[in-house]
Amino acid sequence: MKKGVYIVFVLTGLCISTYSQSKLTRNKVSGISELLDSAEVYSKKDAVKAYNFIEEALELIIQNDDKGNEIRAYSILGDINFFSEQYDLSTENYIKAISLAEKINKNNLSYDSRKKLGVAFKANNDYDKAIFYFNSFLTHTAKNLPNNDIVFIKTHLAETYELKGEYALAEQTYKEVLSIEQSRNNREGIMLIQDRLANINLQQNNPAGAIQYYEKSERMAEESSDKRSLANALRGKSAALKKQNKPEEELSARQQALDINEELDDVEAQNEDLVEIGKIYVEQKQEEKAIPVLQRSITLSDETKNITQKKEALYTLSKAYERSDIAKAFSTYKEFVKVNDSINSIREQELLSRLELATSLNRKQQRIDLLEKDKELNDKTIELLMQDQTMQEEFIKNQKRTIYFLIIILFILSISSIFILRSAKQKRLANQLLALKSLRSQMNPHFIFNALNSVNSYIAKKDELSANRYLSDFAFLMRSVMENSKHDFIPLTDEIKIIDLYLKLEHERFKEKFDYQFVVDENINTESFQIPPMLIQPYIENAVWHGLRYKEEKGFLTVELKPVDKNLQIIIIDNGIGRKRSNEIKTKNQQQNNSTGIKNIESRLKIINEVHRLGIQIDVSDLDLENHSGTIVSILVPMQKKITQ
Amino acid sequence: MENKLKAVIVDDELASRETLASYLKNYCPDIYLVADADSVKSGLEIIKKNKPDVVFLDIEMPYGNAFDLLEQVDNIDFDLVFVTAYSNYAIKALNMSASYYILKPISIDELIHAVEKIKSERNSGDISIHSKILIENIQSVNKQNHKIVLPQLNGFDVIKVNDIIRCRANDNFTEFYLTNGTRKLISRTLKFYEDILKDFDFVRVHKSHLINLQYVTRYMKGKGGQVEMTDGSVVDVSVNQKAAFLEKFK
């Protein structure tokens, strides 16, 4: 029981703590999405800051077990890493997001991650995995992928094939994209893919095929007056023409592109075009044309601080000077080396800073992994706790069940014991009543047969009248006794009649032995007062048979009924030989045959007193205490009790 | 006068004595009454004095009953007819010794019958056997030594109760199986002997079987079961009697 109380206490504690926890989380739920939003914002700009947001968010997420946001957090982590070119980390995080979503059966939450996973692998030069994930995205993600996404993925897939050197597959995939773009009439998209297809043709040493695509794009751009696309197409075409070794055509295409770019004021593009034109002139040994173009490019590069372009321009310029002015060529080359060095150092710095970022991001990632591990550990502890709790609950349930069971058993037991007790009581009562019936009002058979014998005597003496009277009285007495024997109680009047008759008949037999008087107090309401039948007669019989019959001289018997306090007192007095002498007189043979009348009445009274809750008392004493002669029997019957039958 | 039987009456009640005397006078010509007495004491006196052939003896009297009187008679050389109003105890004793008794109020027919019997028995000899056994039984404290008188066509068999293994009902006869292996067929019902013998550890195990419990060797379980007696006989126990029978062994 004590244990049970303890368990209840613990459970209450748990409830309160989880309640307060849930209250706490409600305040911070908004915090999580805010943190994630911030991370998303910073994902491109500042990976470290973004990471910090994510870390903070994840702590809360783990506390609240917020699966949706956890997926989002890892998805954002993937993005951050992707943008900071930590592609392996990026793939890791995307995969994490995907597997989390799978766990809770909400794959829609990891859609972006799955879309980007292939891209990240591709960026990480892991082409096979990239291809695998692109294909799996295309086949397994959803029935109706949006065209944009199909184009996105297929383009990346084609690029991956391209990178892998599988140009046929790349070309086929690009063509699939192209048909999508054509079907939805996306001009820019079409031109973009055509550009790619042209590029593939170039890479497969098919400049003619490439030129076909470029010219298609050229026409489309002209039709829609899309100058930028036109410039792009022209530049592509010029590159293809370069492969075909058609300098004039190349130059003209390049010149057209340059014109358009000038028109568009696209300095970068102009610069590139200028360098390319410069290269063509150098190839054509028209150095005098090349030099001003390249110088213009260098100026532009200085303006835009594009050292790569400047390097390219300087290198071509030094070549242009080679035949005309060695000194200029040398000084230009020196400048080129300088620029190249600075480019290299910039690259080195970039590499270094990227490495630095990588380490710091890795460290961050490790911390997040730790968080995750903590969470897993937490999960396990929680699971264990839960198990513990369920076990405890089970235990309590079992205990409760046992208690209920015991209570039911107890209930059944008490009910049945009540029934058993009651039935036992009833049985006892029934037995007592039965016993009462058998004990009730048996006239001593001795008396009956002796009485009949007396009648016989009268007959023998031919005393018809006496015989008839005696027999009538006897018959009346017998009838009364039989009638009364049906009841536990009879009106006192009836008992008086019986006593009257009995005395008369016994006196008739033992006339010479005793005289008697029978007194009933006038104040007794003999009609309403009830007493057990044959209560008095056996004591009178005893007085006659054991007391008066042995007396030498004539004895006297008094039977008196009077009220004493609230009782009816019945007194039977004989001046016979007394109980002591009577017992002495009897021989061994006679004692064996003792009358059971008194024993009967005693057991009867015991039962009557018990069943009817009465206190009938009988007191027997000697009349002459000194000589132990004579006997007084006093019977006290309570009056106030109205006996109901 | 020679054939007439000399009789006395011992009874404490005058009316009873008068009635019996009147009946004997009127209905039993073979009896002539020589005296009467109202107590054991006076009864002994008149028996000594008159040497009666028949004594009509009331069982219940004040100052000693019929058995007290008989115990004080030196030699019972008279026939006895007990007279009693009601005495279960006495009647059992009388039945055991097959003594004659008449119940009050006296039936004249029974009185005549009793006298007839006495007359015929006197001719066949042993007249005191019943009284002797009666007194023996009354005086013997040890119940094992009690004897029972079994009336036969031409006299009586006296056997010890202890020698009876079992009794079997045979129509209105009872067959006694004794320890010496003999059987006796008695012209009395089994019920009659059951009443007498049930005070001696005899049990009615079956409608037709009364057995002496001390000779039971084995009880075999069954619906009612069976008992095996020392003589090897097997007696069925009826379903109704099983419980009562087994109760005796507790």
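**Notebook: a two-chain predicted model**

First thing I looked up: helix α21 (residues 578–585) of chain A lies across β6 and β7 (629–638) of chain A, running at about 120° to β7(A). My helices (H or I, at least four residues) and strands (E, at least two) are DSSP runs, numbered from the N terminus. For angles, I use axes that are lines fitted to C-alpha atoms, for helices over the stretch in contact, and the angles run from 0 to 180 degrees between N-to-C directions.

Ground rules before I go on. This is a predicted model, where local features need pLDDT of at least 70 and side-chain atom pairs count only at pLDDT 80 or more, while totals for chains, interfaces and linings use all residues. Residues are numbered from 1 along each chain as its sequence is written, and chains are lettered from A and ligands numbered from 1 in the order in which they are written.

**The sheet in chain A**

Next I wanted the sheet. In what order do the five strands of the open sheet run? I read β2-β4-β5-β7-β6 in chain A, with mixed pairing. The edge strands are β2 (514–520) and β6 (617–624) of chain A, and each of them pairs on one side only. From one strand to the next, the twist averages 15°. Two strands pair if DSSP finds at least two bridges between them.

I then checked two of the pairs. Strand β4 (residues 555–564) and strand β5 (residues 567–574) of chain A run antiparallel and are joined by eight bridges. I picked A:Leu561 and found its bridge partner in β5(A), A:Ile570.

β6(A) and β7(A) are also antiparallel, over seven bridges. Here A:Asp619 has A:Ser634 in β7(A) as its bridge partner. How many residues sit between the strands of this hairpin? I get four, and A:His628 in the hairpin takes a positive phi near 55°.

**The two chains, one by one**

I noted 23 helices and seven strands in chain A. Chain B has eight helices and 15 strands. Of the 645 residues of chain A, 36% count as buried; in chain B, buried residues make up 38% of the 250. Buried needs 20 or more other C-beta atoms within 10 Å of the residue's own, with C-beta atoms placed from the backbone; exposed is 12 or fewer, and partly exposed is in between.

**Where A meets B**

The contact takes 21 residues from chain B and 20 residues from chain A. Contact here is for two residues whose C-beta atoms, placed from the backbone, lie within 7 Å. Which helix gives the most to the side of chain B that touches chain A? I found α1(B), with six residues.

Helix α17 (residues 445–460) of chain A and helix α1 (residues 14–27) of chain B pack at an angle of about 50°, with their axes 9 Å apart. That makes α17(A) oblique to α1(B); under 35 degrees would be roughly parallel, over 145 roughly antiparallel, 65 to 115 roughly perpendicular, and the rest count as oblique. Among the residues that meet are A:Asn453 and A:Ala460 in α17(A), and B:Ala15 and B:Tyr23 in α1(B).
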